[in-house]
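Dear colleague,

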Amino acid sequence: MANYYCIMAGVPELQLSDTHPGYSIQKLREELQTEMGGRDENLLRVLFLGHDCRNLVRLLRNNEAELEPNGNYSREELLDLMEKAAEIDLGQTAYPEFLIQFVRDFAQNAERKEWYAEDEVLLLYYQHCIQHCPDSLMRRWYQMNLDVTNLMTAMIARKQGWKVGDFVKGEGEVQDMIRTNDQHDFSLSNLYDFVPEVMKIVDEDDPVRKERMLDAFKWAWLDEQTFADVFSIEAVFAYLCKLEIQERWSHLDVEQGKETFEQLRDAWYRFYGYSNAERAMEQHYNNSRYHILNLHRFFSTLGTPANTVEVRAFNSSLHAGVVRGYVLLVLSMNASALTQKNIRAVKNPIMIDGNEKFAMRTWLNRMGWTGEMFKNPHKLFIKRLQGDAAWRFGRSGDLYRPAGQGYYNYQRREEVPFH
């Protein structure tokens with residue numbers, strides 16, 4: 001492996017607290033291209049493969065989606081991978097095998113409530129790096145990231161009273177101990193130095209500070225691993241990892257957050273015909289408030305105890321059970337918005353086909369409405385809808401189908417042809 005004296009001596013020193021880095025991943029890649037080749041170049045492709053994973057998920061959902069700029073593959077190459085994944089010979093392709101398998105599995109798993117594409121492809125990426133990367137520091141980096149992610153997830157799950165084993169990803173010593181040990185630290189503190197620090201991070205209530213603490217921990221780990229060798233390919237890798245952390249925070253600074261908020265506010269009022277958002281905010285009875293989602297309530301009460309988002313979707317009622325159902329629905333939608341990684345802005349096809357009850361029931365179930373406490377709220381929200389709550393295509397199997405779609409009639413035990 002080569003040493004990169006000139007490049008590493010010329011790059012600026014990085015600080016995690018810098019929200020506007022003066023150096024970019026793209027610029028460093030361009031400088032490295034003139035001096036790097038062979039094994040070292042392939043090593044850094046492993047790092048940028050993480051961007052390809054995220055880009056692939058975006059394209060699987062929307063082939064016109066905006067992509068991250070630092071991946072190895074272009075949009076055209078990823079679309080080609082998606083198109084040909086089913087017929088590619090895994091042993092005869094330049095694409096990583098785990099990406100091909102992920103594309104093959106995506107269609108059948110995308111609708112499963114417990115399956116998150118970003119989490120699944122990240123696990124496959126970590127496993128690929130741990131098993132196939134020839135550099136020991138890089139293998140340790142990805143192993144550490146996987147272990148820390150599993151440990152934090154397990155601790156959070158235990159706090160919430162959830163079954164810890166359901167949230168642990170992959171196989172290994174750390175995963176086995178988390179799944180089988182009931183101790184506060186899963187008996188990992190004596191084996192891994194990072195466990196006590198990770199536990200402190202999990203106990204932090206402020207989500208922004210928690211994220212800062214996690215990145216500071218990873219930053220310090222990289223410093224420790226490359227302290228005595230600042231010109232090697234491993235030092236270059238560590239520097240790029242730090243740039244990734246820094247660039248991510250540069251998109252989350254206070255000024256940009258304020259700008260994004262103002263853009264959201266202006267878009268809200270502009271949709272309802274107001275060119276001056278600040279003046280519209282001052283109107284108590286602004287016409288944008290008379291909709292199911294009332295963000296005018298939020299914008300017009302900033303800085304006051306009454307600063308809330310209003311959902312105007314329910315009939316008035318004095319019945320305690322009905323009011324409870326309304327509250328549960330709003331809380332569930334809010335919790336779903338906070339925890340879901342993505343949504344699809346399309347109308348439910350089951351609703352379009354006419355089986356409103358089944359569409360509503362399955363939607364409520366996806367938000368966690370299972371068990372005795374949700375029995376009556378379930379009935380409240382489906383009782384006036386059309387369709388069959390238990391059967392997607394009705395009990396006979398021939399209802400609520402798109403025009404032209406054949407089906408199997410279970411009562412007659414025969415295929416019914418296309419209409």
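Lys-84 is partly exposed, as its relative accessible area is 36% (buried means under 20% relative accessible area, exposed over 50%, and partly exposed in between, with a 1.4 Å probe and protein chains only). Its side chain meets that of Asp-80 in a salt bridge, at 3.1 Å from N to O; the term stands for a side-chain nitrogen of Lys or Arg within 4 Å of a carboxyl oxygen of Asp or Glu. Both Lys-84 and Asp-80 belong to helix 4 (residues 75-84), where they are four residues apart, about one turn of the helix. Helices (H or I, at least four residues) and strands (E, at least two) are DSSP runs, numbered from the N terminus. Asp-80 is likewise partly exposed, with a relative accessibility of 25%.

Please note that this is a predicted model, in which local features need pLDDT of at least 70 and side-chain atom pairs count only at pLDDT 80 or more, while totals for chains, interfaces and linings use all residues. Residues are numbered from 1 along each chain as its sequence is written, and side-chain values use heavy atoms, with hydrogens and water left out.

Two further salt bridges deserve a description. Lys-169 pairs with Glu-120, and the closest N and O atoms are 2.9 Å apart. This pair links distant parts of the chain, 49 residues apart: Lys-169 is in the loop between helix 7 (136-159) and helix 8 (173-180), whereas Glu-120 is in helix 6 (residues 117-132). Glu-120 is buried, at 16% relative accessible area, while Lys-169 is partly exposed at 27%.

The side chains of Asp-203 and Lys-159 also form a salt bridge, with an N to O distance of 3.3 Å. Asp-203 lies in helix 9 (residues 195-203) and Lys-159 in helix 7, so this pair ties together parts that are 44 residues apart in sequence. Here Lys-159 is exposed, with a relative accessible area of 52%, and Asp-203 is partly exposed at 45%. The salt-bridge count comes to 15.

Helix 12 (residues 254-271) gives the most to the negative patch, namely three residues. Glu-262, which is found in helix 12, counts as partly exposed at 31% relative accessibility.

As to the protein as a whole, it has 18 helices and four strands. Its C-alpha atoms fill a box of roughly 70 × 65 × 50 Å along the principal axes. Of its 419 residues, 38% count as buried. Where contacts (heavy atoms within 4.5 Å) are between residues at least 6 apart in sequence, 53% join residues at least 24 apart. The accessible surface comes to about 25300 Å², and 52% of this belongs to carbon and sulfur atoms.

With kind regards

Terms used. Accessible areas come from the Shrake-Rupley method with a 1.4 Å probe; for residues, only the protein chains shown count as cover.
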